[in-house]
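Please keep the sequence and the 3D view at hand while reading.

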Amino acid sequence: MTKVKRECGTSNIMNWTELITESQLEQIHEESKTKSILIFKHSRRCSISQVALDRLERKWKAEETSHIKPYFLYLLSFRETSATVARQFEVDHESPQVLIIENGESIYDRSHFDIDYNNILEASKSERSPFV
């Protein structure tokens, strides 16, 4: 499992864990019992995907998101893993796409310009989320 650190905003670093194998999904399922898991599915060929990623990373604040563990999936490099994510969490495949996983289920699923930091934060702090 590879850690990917990208500068976010002026003082934050988003500590992504790269999602590359289907076997990691069992780990995500277990981790989601104690914290919110964010999966960002990214396509390097899609300019909208890059814009959505940049917007999310610029707004990311470590002090507000300590209850969220972010995973990053390069869609074109790991197509089968991406397809398994869609099947396992019962969501349509899209790119770019953000999922929030809690207790083994997707509680939030957005794509393209609907990917929004504040909405992600709100969803992970909702009544459905026991981790805040």
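## The cavity

The structure, a predicted model, holds one cavity of 30 Å³ or more. On a 1 Å grid over the protein atoms alone, a cavity is a set of points where a 1.4 Å probe fits but cannot get out. Grid points are joined across faces, edges and corners, and a volume is the space filled by probe spheres set on the points.

The largest cavity has a volume of about 40 Å³. Its lining (residues with an atom within 4 Å of a point) consists of Ala52, Arg55, Leu56, Lys59, Ile115, Asp116 and Tyr117. Helix H2 (residues 47-59) gives the largest share, four residues; helices (H or I, at least four residues) and strands (E, at least two) are DSSP runs, numbered from the N terminus. By class, this lining has four nonpolar, no polar and three charged residues. Ala, Val, Leu, Ile, Met, Phe, Trp, Tyr, Cys and Pro count as nonpolar, Asp, Glu, Lys and Arg as charged, and the others, Gly among them, as polar.

## The largest pocket

The volume of the largest pocket (an open set with protein on both sides within 12 Å along at least five of seven lines) is about 160 Å³. Twelve residues line the largest pocket, and Asn15, Trp60, Thr65, Ile68 and Pro70 are the closest to its centre. Strand E2 (12-18) and strand E4 (68-74) are the elements that give two or more residues to this lining. E2 supplies the largest share, four residues. The classes in the pocket lining are six nonpolar, four polar and two charged residues.

## Basis of the values

Residues are numbered from 1 along each chain as its sequence is written, and side-chain values use heavy atoms, with hydrogens and water left out. In this predicted model, local features need pLDDT of at least 70, side-chain atom pairs count only at pLDDT 80 or more, and totals for chains, interfaces and linings use all residues.
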